[in-house]
Every structure is written in structure tokens, then in C-alpha cells.
Amino acid sequence: MRSLVLKIFIWFWAAMALVGMALYFTTRATISEQVERRERQWIGMTMPLVAQRAADILERDGPSGLRRNINRLNRRRRFNVSFLNEAGELLAGPVPSSRVRNLAARAARSNDRLVEIVQGERLVAQSVVSPAGRRFVLAGDIRARLPGNPPGRPRRPLPILRALGILDADIQTQVLRILAVFLTAGLVCYGLACYLTAPLKKLRTATRKLADGDLAARVGKAPGGRQDELTELGHDFDQMAERIQIMVGAQRRLLSDISHELRSPLARLNVALALIRQRMKGRSDDELDRIELEAGRLNELIGHLLTLSRIESGTMAPARNDIALDQLVAEVVADAEYEARGSGKAVRILCSQACVALGNRELLRSAVENVVRNAVYYTADETAVEVELKLAGANRDMAVITVRDRGDGVRESELGEIFRPFYRVAAARERQSGGTGLGLTITRQAVQLHNGSVAASNASGGGLRIEIRLPARPGSTGSAEPL
């Protein structure tokens, strides 16, 4: 479970569900005894008075008065009681059941009050003696009604449960109501989780864009004028990103300006060298050869700086052209093979599958060429750089270009660093090797502009292995625009 929204939602919902269940069962467990005690107190105070009044009315107003009193009592209090004499004969009220008759008979013999609860019915039999000394019994289902309780429901639950009516319904209704409560709580919890994590989502999106090189990525203002710690975190991120954008922009402009400014004196230096060689009429000179070599390296470095600057500034965005990658790789390998042959090295294509990529041919060529030339630099003498081009993926929609040299490789801790500008591995990338420190950086930037990726690893058996992955489709060289 990696979603913070889901975690917050589930925890809030589970907490509310547990609290609700604990409240429900605690209430059910604690109110019964208290309610039972209150009911018995109410019965003990009420039933003797009601029964004595009925006996008084019988002797004063006769059977008709008794019937009116019992009927009014049942109607107003929603009782279902009958008035019987000591022999069990019905004097007023509905015909009692056999259970009520038995309870009345026992109450008459004991001259007391009896209470029974059978299948949810509360049966009461109250024995009473009239002023004339005759014994009567008021018996029936009273469904004890405490003041404020619904008829027939003697319990007084907590206000929240009474408001929800949870304890006043049957099991099915209670389950439906509890589900309704939980679903409502779930919606509220989900909304709360979304509200809490919304700034974090925006912050994560902005962070990923910034990590991918989009220095203009910002969190922005929170909707609705929200002000809390999370929105302040987003505001701090925006300030940090603004400063990074300013610093990186200044660095890029500085590199671009320096590169442009160095191009002119370098061009004049090359012209001067050519004039000197003309005056020497072809004679060899070690100092001039060295100056020419260093001038060439400086020219290459400036070229890489300008290329990197154009890529990062977005002025070298990939065009939407079909590129035959197999032809591109073959051409780069042919050029590299020609250069490597002079130093006793070689470049071989082990596998090349026809495929087409959409992008900028200049950038893609530069990306592949930098990797191949880098491999030629560091492969051991009398060895060959191996190049492969294969299609991968379930739909064969990913071109994988693999370049492997036979050099010393790179320490595992530095594999991810070799794509940084001017990063040099101590043992394998000395300046004397001829690299500018920008070739692999340009490769990474160019590949990322084409929605691809590049990674380095040490090959089994020695040597460095660099893998370029680019979106592509199978296709013959004839279906794509030739290089």
C-alpha cells in the first residue's frame, strides 16, 4: 500500500468504525441494568396506585365505571391490562391470555406484585384490596414506558444512538443504519484524506518535473486560499526551485557565452598555425604538432559545450522525423572503426535489427557516437568494441543499443556519475585519454529528449557496458528517412 491517500482514508475510516462499534456495544452492555432498575422502580410506584384506583372506581361507580377506567388506561398509556377478581374472572379490559391468567392467580395468592418478561413482553400482575376488603388483580402486558421513551421501548440509549434510532429497530434495520453510518463516515474520511494529501500530490508532481530537468515546475498557490503547514511547504519548494532555476540559468548562459567567445580566438589560432606550416614548407615540428593537437581538443570541448547548452536551453528540440536507427548505428560504427584502426582497436556490430525512431537525427547520432567513441578510448589495445541494436518490449517498441568495451570498467559507486558534466573516474578517465568530460552528458540529455534512457554497468568478464533505450518501431530501412 503506497498511496498516502489510501492509508489516511483507511486509518480514519477504521478508527471511526471502531469508535462506533465500541460506542454501540458499550451502550448496549451498560444501559440494560440501569434501565431495568428504573423500570422496576417505575412499576413499583405506578402499578399499586393504578390498581387501587381501579378497585375504588369499581366499588364507587360499578362495572361500567371500571370498564371506562381500564379502557382509558389502556388507550392513554398503551397498556394491555385486564382487571380480574380473586377467582380469576374478567371484570374489565381485554380477554387475558393464559399466561396472564396464571400470573394473576399467583399474584392473588401471594398478595404481591409479580413481573415476568417473556418473548419481549413485560407481564405484570398487581394484587390489590378494595376498601370493602375484596381482592382484585390488575394484570397484563404493560410494556413499561418510562417518561420520554417510545411506547413499548423502555430503554433510554445515549443521545447519539437515540438520534440515529439504532437501538429502537430490529436487527435488519439496525444493520442497514449502521452500514449507512459507516458509508457516510467513509465518504467523509475519503474527502478528508484527499484534502490532506492534495498539496503533497502537487508537491510530488512538481518535484518529479524538477528532477527531470523542468526547472519551471512550481507547486503554485493552493486552491481556496488554503493556509497550513503543507501549503507552506509548497511555497518553500517554489522558492527553492526559483533560486535553482536562476543559478542554473546563469551557469548555462555563462558556459554558452564563454564557448562563443572562445570560438573566435581559437579559429584565429588555427589560421596562424596553418600560416606557420606554410612558411615551414611541410617540415615537421613537435611543438606545432602539440599546439595543433591541443587546439583540436579545445575545439572539440567548445563544440560539446555549445551542443549541451543548446540541448538544455531547448533550442535543439528533437524534430518529428523518422530515423533508421540501424543505418545510424552502422554509419557511426564505420566512422569509429576507421579511427580505431590506427590504434590497433576495432569496432564490431554483433547484432542490428531494422527499426525506426522518431526524433532529431543530429542529436541521436551525437548520442550514439559519443558512447561508441568513449568505448574506443577506453577499450584495451588489440580488442574490439561490441555494438548491438535489438528491439525489446512486449510489442517490440523499444530499441536497445548496447555498446561494450574491453577496458577496466568503472567502480559500481561511480556508474551513475559518469553522465554528469566533467565527471572523471580517477583511474579510467584521465585527461590524457582525450575525453572532454561532456560526451556522455550530451548522450543522456539527447536520449532523454527522445523519451529514452541510458544506463551504464560493468559487463561480466570486464569492460564497461552502456545501454541506450529509445522508443522505436520495427521497420525496414526503406520505410524510414535515410541518414
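1. Salt bridges. In this predicted model, the structure contains 19 salt bridges. One of them joins the side chains of Glu-331 and Arg-365, with an N to O distance of 2.7 Å. This pair connects distant parts of the chain, since Glu-331 belongs to helix α7 and Arg-365 to helix α8, 34 residues apart.

2. Packing of α7 and α8. Helix α7 spans residues 325-341 and helix α8 residues 361-378; their axes lie 10 Å apart and the helices pack at an angle of about 40°. The crossing of α7 and α8 is right-handed.

3. Composition of the helix contact. From α7, the contact draws on Leu-325, Leu-328, Glu-331, Val-332, Asp-335, Ala-336, Glu-339 and Ala-340. Helix α8 contributes Arg-361, Leu-364, Arg-365, Val-368, Glu-369, Val-372, Arg-373 and Val-376. Sorted by class, the contact of α7 with α8 comprises nine nonpolar and seven charged residues, with no polar ones. Both partners of the salt bridge described above, Glu-331 and Arg-365, are among the contact residues.

4. The β11-β12 hairpin. Strand β11 (residues 453-458) pairs with strand β12 (residues 464-471) in the antiparallel sense, over six bridges. Within this pairing, Ser-457 is positioned opposite Arg-465 of β12. The two strands form a hairpin with five residues between them. In the turn, Gly-461 adopts a positive phi of about 95°.

Notes
Residues are numbered from 1 along each chain as its sequence is written. This is a predicted model: local features need pLDDT of at least 70, side-chain atom pairs count only at pLDDT 80 or more; totals for chains, interfaces and linings use all residues. Side-chain values use heavy atoms; hydrogens and water are left out. Two strands pair if DSSP finds at least two bridges between them. Helices (H or I, at least four residues) and strands (E, at least two) are DSSP runs, numbered from the N terminus. Axes are lines fitted to C-alpha atoms, for helices over the stretch in contact, and angles run from 0 to 180 degrees between N-to-C directions. A crossing is left-handed if the near helix is turned anticlockwise from the far one by less than a right angle, and right-handed if clockwise. Contact means heavy atoms within 4.5 Å. Ala, Val, Leu, Ile, Met, Phe, Trp, Tyr, Cys and Pro count as nonpolar, Asp, Glu, Lys and Arg as charged, and the others, Gly among them, as polar. A salt bridge is a side-chain nitrogen of Lys or Arg within 4 Å of a carboxyl oxygen of Asp or Glu.
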